[in-house]
Amino acid sequence: MPQCSISTAWEVNTATKNADSTVMPDFMKTEVTHIRPDIRRLLQSDQPDLVDFFNRTDLQTRRLRFCSQVSDDYVTSYAEGLVSSDSVAYGAFTDQALRGISELRILPGSWPRTAEIALMVEPDWQERGIGDALFDRVLTAAQNRNIKSIYMLCLRENKRMQHLAKKHDAILQFDIGEVEAALTPPWPTPMSLFYEMFTETRDYLQLISR
Ligand SMILES: CC(C)(COP(=O)(O)OP(=O)(O)OC[C@H]1O[C@@H](n2cnc3c(N)ncnc32)[C@H](O)[C@@H]1OP(=O)(O)O)[C@@H](O)C(=O)NCCC(=O)NCCS
């Protein structure tokens with residue numbers, strides 16, 4: 001119900017965004033260090049980590065994710081059912097700890113194929129590029145599954161998510177309390193298919209060799 005990549009802490013960009021501090025909003029004035037997390041598809045065996053991850057999130061992060069206040073029991077049961085046959089979920093890991101997830105849930109029977117996406121990053125790890133990297137990965141998954149429409153719902157106050165959606169060419173539609181983002185992934189290409197096949201095989205081999 002989604003309502004409403006490769007080494008650890010490898011610094012790829014330290015950007016100071018305060019070129020003109022008189023006109024920039026506050027969030028752009030801070031120095032941000034982006035990292036490149038390991039991103040891989042989540043499996044049933046990740047369920048305990050998913051439950052821990054959801055239970056580490058604060059009330060505000062959960063509210064932004066589910067567009068309402070949700071309890072520990074709710075997120076626990078959500079985390080337990082997250083890896084399922086009608087969804088593709090990715091996890092972002094640093095030092096083998098789960099820090100963020102993205103979900104692609106294909107709407108059963110939809111034609112052309114339609115899906116919903118949702119993202120969540122652990123509060124202490126936000127604003128470091130993890131959400132952006134997870135967004136890229138889930139879009140490639142949608143492209144390779146021939147999904148023609150993607151929807152994402154977030155609260156109107158969730159400017160960060162709206163910024164990320166626009167950055168990935170989403171069209172935003174504003175409602176009273178919520179914003180719906182619509183995306184149209186491109187057709188699959190040999191390169192996008194190869195990329196997914198290669199990374200999933202590599203990730204699987206890494207997992208079984210531990
Ligand atoms: C939304 C969320 C997934 C983003 O993940 P993240 O790792 O913090 O995002 P990133 O660091 O990759 O990117 C954030 C971007 O938003 C921008 N941003 C931050 N605050 C902003 C604001 N108030 N207004 C506009 N843009 C903002 C950042 O500058 C950055 O842009 P850039 O990539 O162009 O530099 C994460 O904050 C989160 O988990 N939020 C709670 C759950 C949620 O809201 N889920 C979405 C509903 S499905």
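Colleague: What share of the 210 residues in the protein chain is made up of buried residues?

Modeller: In this predicted model, buried residues account for 30% of the 210 residues. The secondary structure comprises six helices and nine strands.

Colleague: How do you know what confidence the predictor attaches to the protein chain?

Modeller: The pLDDT averages 87, and 85% of the residues score at least 70. Residues 5-21 have a pLDDT below 50, and this stretch has 29 contacts in the model beyond near neighbours in sequence.

Colleague: Why is aspartate 95 called exposed?

Modeller: Aspartate 95 has 9 other C-beta atoms within 10 Å. The limit for an exposed residue is 12 or fewer, so aspartate 95 is exposed.

Colleague: Why is aspartate 169 called exposed?

Modeller: Aspartate 169 has 11 other C-beta atoms within 10 Å; the limit is 12 or fewer, and therefore aspartate 169 is exposed. Aspartate 169 lies in the loop between H5 and strand S8 (171-174), and its phi is near 70°, a positive value in a residue other than glycine.

Colleague: What makes S4 and S5 a pair of strands?

Modeller: Strand S4 (residues 87-94) is joined to S5 by eight bridges, and the two run antiparallel. Pairing requires at least two bridges, so with eight bridges S4 and S5 pair. Alanine 89 has glutamate 103 in S5 as its bridge partner.

Colleague: Why is strand S5 described as mostly covered?

Modeller: Of the ten residues of S5 (residues 97-106), seven are buried. S5 is also joined to S6 by seven bridges in an antiparallel arrangement, where serine 102 stands opposite leucine 119 in S6. In the loop between S5 and S6 lies proline 112.

Colleague: In which sense do S6 and S7 pair, and what is the hand of the crossover between them?

Modeller: S6 and S7 pair in the parallel sense over three bridges. The chain passes from S6 through H4 to S7, and this β-α-β crossover is right-handed. Threonine 114 has serine 149 in S7 as its bridge partner. S7 also pairs with strand S9 (residues 178-183), in the antiparallel sense over six bridges, and isoleucine 150 stands opposite leucine 183 in S9.

Colleague: Which elements supply the shell around the ligand, and which residues come nearest?

Modeller: Helix H2 (59-66), strand S6 (114-121), helix H4 (130-144), strand S7 (149-155) and helix H5 (159-167) each supply at least two residues. H5 contributes the largest share, six residues. Of the 24 residues around the ligand, Leu64, Gln126, Gly131, Asp132 and His163 come nearest.

Colleague: What is the make-up of the shell around the ligand by class?

Modeller: The shell has eleven nonpolar, six polar and seven charged residues.

How values were computed: Residues are numbered from 1 along each chain as its sequence is written. This is a predicted model: local features need pLDDT of at least 70, side-chain atom pairs count only at pLDDT 80 or more; totals for chains, interfaces and linings use all residues. pLDDT is the predictor's confidence in each residue, from 0 to 100. Two residues are in contact if their C-beta atoms, placed from the backbone, lie within 7 Å. A residue is near a molecule or strand if its C-beta atom, placed from the backbone, lies within 6 Å of it. Helices (H or I, at least four residues) and strands (E, at least two) are DSSP runs, numbered from the N terminus. Ala, Val, Leu, Ile, Met, Phe, Trp, Tyr, Cys and Pro count as nonpolar, Asp, Glu, Lys and Arg as charged, and the others, Gly among them, as polar. A crossover is right-handed if, with the strands pointing away from the viewer, the path from the first strand over the helix to the second runs clockwise. A residue is buried if 20 or more other C-beta atoms lie within 10 Å of its own, exposed if 12 or fewer, and partly exposed in between; C-beta atoms are placed from the backbone.
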